[in-house]
Amino acid sequence: MVRRLFEWVMSPMGWIAVVIVALSVFSLAAFGIYRSQQALKPQPIQFPHNLHVGLGVQCLYCHPGAARGPSSGLPTINKCWGCHQQIAKTQTSDKLKPLRDAMASGANFVWVPVAKVPDFVHFNHRPHIAAGLNCENCHGDMSQVEIAENPQVMNMGWCLSCHKERAGGDEEKFIKLTDCGTCHY
Amino acid sequence: MTTELKIPEYKLAEEESGKWGMVVDTDLCTGCQACVAACAMENNIPYVGEEDAAYGRSMHWIRTERFWEGEYPEVRMTDYQPMLCQQCGHAPCEPVCPAFATVHSQSEKLNLQVYNRCVGTRYCANNCPYQVRSFNWRDYQDPRLRPEITILANQFNPDVTVRRRGVMEKCTFCIQRIHKAQDLAKSEGREVEDGEFTTACAQACPANAITFGRIDHPETLVSQLAHSSRGVHHLEELGTLPRVTYLKGG
């Protein structure tokens, strides 16, 4: 039985079959890796960034940590409710039902972070804002997107290209901004 | 868009002054191990468990060494000697790393350990004359693999990476605190002051035996202590240019 299987595998048809199986396994794995890198879990509420930015809400109103610390922070529903309780549509809109339900039950939104760096990278928002960068330089123009998404892959090459550019010709700045220990510790 | 990049001028290690330094007064040290505990809390250092400890895989970034003089029963203890990474100016661990995971920081003048580059050859630990590096033989910090640490995982320091299996680690001179102090100082438009912050071990020391600060500023407490006549550098003859000075025989 094993011998016959071996002979079939060694025949031209067997070879082709093996190659087809290997290719399909490989492409499935590649597809799986691709999907796991791309797809985000759905947000607890379909928060339209473009609408809020269009109404003139500042980024720092909901993400105030960006100006003063490492993490920008994601708002709790109390922040949402602070404005929304004064808006009549909050009580009628279907899209805002998750907010009403969460407020009634005392639950909170568990947002899905979009702009993430790995655990071994220590990113701090404050110096980036202090250096004169605006939110949209990294996070894209939020007045154009409904659900927040990353405009680019946030990897080290992307960080360093900006760091090198920002250092200009200043040697001390260049050393500081390209030092491993600035982000990895 | 590319900009003209200036390659920093190469300097011999002997010409570099070092930036951050530490002084350990072994006459004050009581061997209480508070520094060891504080370091483990600050830097997310795992406890490896009984079995791995028996294999000599205990993980510490600082340890209290003790030595004996004489034969039993006429034994005399020498001073306790806290031993940690000496942040050598000319570090033996650095040139042996094939992955450039342990590199010398140009800006902070420290020996860095870049966890995401480390592939776990352990050459650096073999070449360290102070034996202060420790290796993650297992995923000690993963609550899925070690359910007994689930509660401990709640007190991880978010400013420090939780290391995974196969990664070498060592004392960083609490670089997360350095960055925090520098960030605060910069946001207030000033320089970091002496004594404004310190490492976890120095903060925890009840005898004030450990002092940390800038050794390139002559007026700081640490550089004045480091230049006292009681100062000793361990294994200085190897030419490692350690940034930790031990005071003894006062």
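**Patch, interface and local geometry**

In this predicted model, A:Leu5, A:Trp8, A:Met13, A:Ile16 and A:Ile20 make a nonpolar surface patch of about 560 Å². Patch members have over 30% relative accessible area and no salt bridge; nonpolar side chains (Val, Leu, Ile, Met, Phe, Trp, Tyr) are joined within 5 Å, and like charges within 9 Å. Accessible areas come from the Shrake-Rupley method with a 1.4 Å probe, and for residues only the protein chains shown count as cover. Helix 1 (2-10) and helix 2 (12-38) of chain A each put at least two residues into the patch. Helix 2 of chain A gives the largest share, 3 residues, while A:Trp8 sits in helix 1 of chain A. Helices (H or I, at least four residues) and strands (E, at least two) are DSSP runs numbered from the N terminus.

A few ground rules: residues are numbered from 1 along each chain as its sequence is written, chains are lettered from A and ligands numbered from 1 in the order in which they are written. Local features need pLDDT of at least 70 and side-chain atom pairs count only at pLDDT 80 or more, whereas totals for chains, interfaces and linings use all residues; side-chain values use heavy atoms, with hydrogens and water left out.

On to the interface. Chain B brings 29 residues to the contact and chain A brings 20 residues, contact being heavy atoms within 4.5 Å. Together the two chains bury about 2100 Å², 57% of it on carbon and sulfur atoms; buried area is the accessible area (1.4 Å probe) that two parts lose on being put together, summed over both. Between chain B and chain A there are 2 salt bridges, each a side-chain nitrogen of Lys or Arg within 4 Å of a carboxyl oxygen of Asp or Glu. B:Asp183 pairs with A:Arg126 in a salt bridge, with the closest N and O atoms 2.6 Å apart. On the chain B side, helix 4 (residues 175-187) supplies the largest share of what touches chain A, 7 residues.

Salt bridges over all chains come to 20. Within chain B, B:Glu42 and B:Arg177 meet in a salt bridge at 2.9 Å, N to O. B:Glu42 lies in helix 1 (residues 34-42) of chain B and B:Arg177 in helix 4 of chain B, so this pair ties together parts 135 residues apart in sequence.

The peptide bond from B:Tyr72 to B:Pro73 is cis, with omega near 5°; B:Pro73 belongs to the loop between strand 3 (68-69) and strand 4 (76-77) of chain B. B:Asn44 has phi near 55°, a positive value in a residue other than glycine, and lies in the loop between helix 1 and helix 2 (50-54) of chain B.

Back in chain A, A:Val121 is in the loop between helix 6 (97-105) and helix 7 (125-130). Leaving aside neighbours within four places in sequence, A:Val121 is in contact with A:Cys183 and A:His184.
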